[in-house]
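Hi there,

Here is the structure I promised to pass on to you. Have a look first, and then read my notes below.

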Amino acid sequence: MCMLVSGCTDSVQETARDKSVELLQKCVDQADQLDNMKGIPYQTILAMEKNAADILIDLHEYGTLQGVADDIAMYLVWDIHGETDMQK
């Protein structure tokens, strides 16, 4: 029984991770226009709050993200924790 629950948890985490990476890539695609970068994909990740922050930190620490994607991910983490000028 525990293995089934554990498997579900892993699946949910993988789904959240995949969704975060997909949305982060959309932010990167829009990064040439800073105002647009903080559009719907950015706001969607921001709304995921701590779950997204944990995922983005893991991706950063494991070196999964590079360049602009890593920069945006870290800005999102700061934004989620209220450490930027972005209003929630």
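Let me start with a residue on the surface: Lys50 is exposed, with a relative accessible area of 54%. By the cut-offs used here, buried means under 20% relative accessible area, exposed over 50%, and partly exposed in between (1.4 Å probe, protein chains only). Lys50 is found in helix α4. Its C-alpha lies 7.1 Å from that of Ile80, although Lys50 and Ile80 are 30 residues apart in sequence.

A word on where the values come from. This is a predicted model, in which local features need pLDDT of at least 70 and side-chain atom pairs count only at pLDDT 80 or more, while totals for chains, interfaces and linings use all residues. Residues are numbered from 1 along each chain as its sequence is written, and side-chain values use heavy atoms, with hydrogens and water left out.

Now the overall picture. The protein chain has five helices and zero strands, so defined that helices (H or I, at least four residues) and strands (E, at least two) are DSSP runs numbered from the N terminus. Of the 88 residues in the protein chain, 30% are buried. Among contacts with a separation of 6 or more, 57% are between residues 24 or more positions apart; contact here means heavy atoms within 4.5 Å.

Next, how two of the helices meet. Two packed helices are described by the angle between their axes and the distance between the axes. The axes of α3 (residues 40–47) and α4 come within 6 Å and cross at roughly 105°. These axes are lines fitted to C-alpha atoms, for helices over the stretch in contact, and angles run from 0 to 180 degrees between N-to-C directions. α3 and α4 are therefore roughly perpendicular to each other (under 35 degrees counts as roughly parallel, over 145 as roughly antiparallel, 65 to 115 as roughly perpendicular and the rest as oblique). On the α3 side, Ile45, Leu46 and Ala47 meet Glu49, Ala52 and Leu56 of α4. By class, the residues of this contact are five nonpolar, no polar and one charged (Ala, Val, Leu, Ile, Met, Phe, Trp, Tyr, Cys and Pro count as nonpolar, Asp, Glu, Lys and Arg as charged, and the others, Gly among them, as polar).

Two residues from that contact deserve a second look. Leu46 is buried, with a relative accessible area of 9%, and touches Leu76, Asp79 and Ile80, not counting residues up to four places away in sequence. Glu49 is partly exposed at 45%, and has a positive phi of about 50° although it is not a glycine.

Ser20 sits in helix α1 and is buried, with a relative accessible area of 0%. Leaving aside neighbours within four places in sequence, Ser20 is in contact with Ile45, Met48 and Ile55.

Finally, what lines the largest pocket? Asp10, Gln13, Glu14, Arg17, Ile55, Asp58, Leu59, Tyr62 and Thr64 do. On a 1 Å grid over the protein atoms alone, a pocket is an open set of points where a 1.4 Å probe fits, with protein on both sides within 12 Å along at least five of seven lines, and lining residues have an atom within 4 Å of a point. α1 (2–29) and α4 (49–61) are the elements that give two or more residues to this lining. The lining has three nonpolar, two polar and four charged residues.

Best wishes
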